[in-house]
Amino acid sequence: MSSFISLVIESTRSVLKDSVNLFWSLLKVMLPVMIAVKVAQDLGLVDSLAQWLSPVMMLVGLPEQAGLVWITAMLVNIYGGAAVFIGILPNLQLTVADATVLWSMVLIAHALPVEQRIAQQAGASFWLTTALRFFGALVYGALLNAIYKAGDWLQQPLELAWLPQLDDSSNASWADWAWSNTQSLFWVFVIILVLLVVLKLFDLLKITQLLSKILTPILRVMGIEGRATTLTMFGTLLGLTYGGALIIKEAKAGNVERKDIVLSLCFLSLCHSLIEDTLFVMALGGDASGVLIGRFIFSVAVVAMIAGWMKRSAAPCTEQRFTE
């Protein structure tokens, strides 16, 4: 009994410590972005910047200001996009479907300068995998928007009960803005804490291992075989940075075939961190039908098509294109 209590205490300390460290890392990203958004709103720049993104957002049925969230996420990371989202949400009228489309696009294409550099080091073309993520996000966003509208699904207004809202953040005083965003950041910390607890429970209950067993045959359907299957599986569940690092190591050791490296990195570019990032954006209004189920099916279909194309188009030549 005493050993069980000690385990619980130690696990609690570990989760709290990890939560504080992760939140501090995210705060250094989110707070400057939040301040920049507020300054841009006060100067009237948000609407001007959003107008440039209007044609792209029209393709996926989203308000033009939502493009600021996606652009920030692509250049910074998901949490930078979340900071912009929190800042402009009071001025947007989003449905749950809109939020799901937006966060699905963010999950596919985010942190491109960093993550695609990792993909490049692992053996895939920086520009081709970046294009795959950018256009993949647009295509999936457009498809998801069309499906939701055709079925009249998730058309209810987005309401985030946990998120303090200003009536109009663009006209709010700095004091009101500071108080509202302090509350928002507190709840972001709570979300992070809950996420880490969930991940810990997944490990203890062997759920992560179960998901791995489920994913393995699906990866083989896409033509990903051998050692790359395990590496891709880890990246899918835990993130491109982790999966990419493993692929870099195994590729240098000559343990993974070039074809498998290319297909693995293409899949990870579209679908990674299936647990942590997905749960985070669901807390911000994304529905599992789009940010999890649909995104996974879309990624499998796209990579299966790439695998088929590579097989038909003389594999060595095609693989060279994807790694240059």
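Modeller: A residue is called buried under 20% relative accessible area, exposed over 50%, and partly exposed in between, with a 1.4 Å probe and protein chains only. This is a predicted model, in which local features need pLDDT of at least 70, side-chain atom pairs count only at pLDDT 80 or more, and totals for chains, interfaces and linings use all residues. Residues are numbered from 1 along each chain as its sequence is written, and side-chain values use heavy atoms, with hydrogens and water left out.

Colleague: Why is Trp 127 called exposed?

Modeller: Trp 127 has a relative accessible area of 68%. Exposed means over 50%, so Trp 127 counts as exposed. Trp 127 belongs to helix H7, residues 126–151; helices are DSSP runs of H or I with at least four residues, numbered from the N terminus.

Colleague: What makes Thr 100 buried?

Modeller: The relative accessibility of Thr 100 is 0%, and therefore Thr 100 counts as buried. Thr 100 is part of helix H5. Beyond its neighbours within four places in sequence, Thr 100 is in contact (heavy atoms within 4.5 Å) with residues including Leu 144, Tyr 148, Asp 287 and Gly 290.

Colleague: Which residues of H5 and H14 make the contact?

Modeller: H5 contributes Thr 100, Trp 103, Ser 104, Leu 107 and Ile 108, and H14 contributes Gly 290, Val 291, Arg 295 and Phe 298. By class, this contact of H5 with H14 has five nonpolar, three polar and one charged residues. Here Ala, Val, Leu, Ile, Met, Phe, Trp, Tyr, Cys and Pro count as nonpolar, Asp, Glu, Lys and Arg as charged, and the others, Gly among them, as polar.

Colleague: What makes a set of residues a nonpolar core?

Modeller: Such a core consists of buried Ala, Val, Leu, Ile, Met, Phe, Trp, Tyr and Cys residues joined through side-chain atoms within 4.5 Å. The largest nonpolar core has 101 residues, and among those touching the most other members are Trp 70, Trp 103 and Phe 280. Helix H5, residues 96–108, supplies the largest share of this core, ten residues.

Notes:
Helix = DSSP H or I, 4+ residues; strand = E, 2+ residues; numbered from the N terminus.
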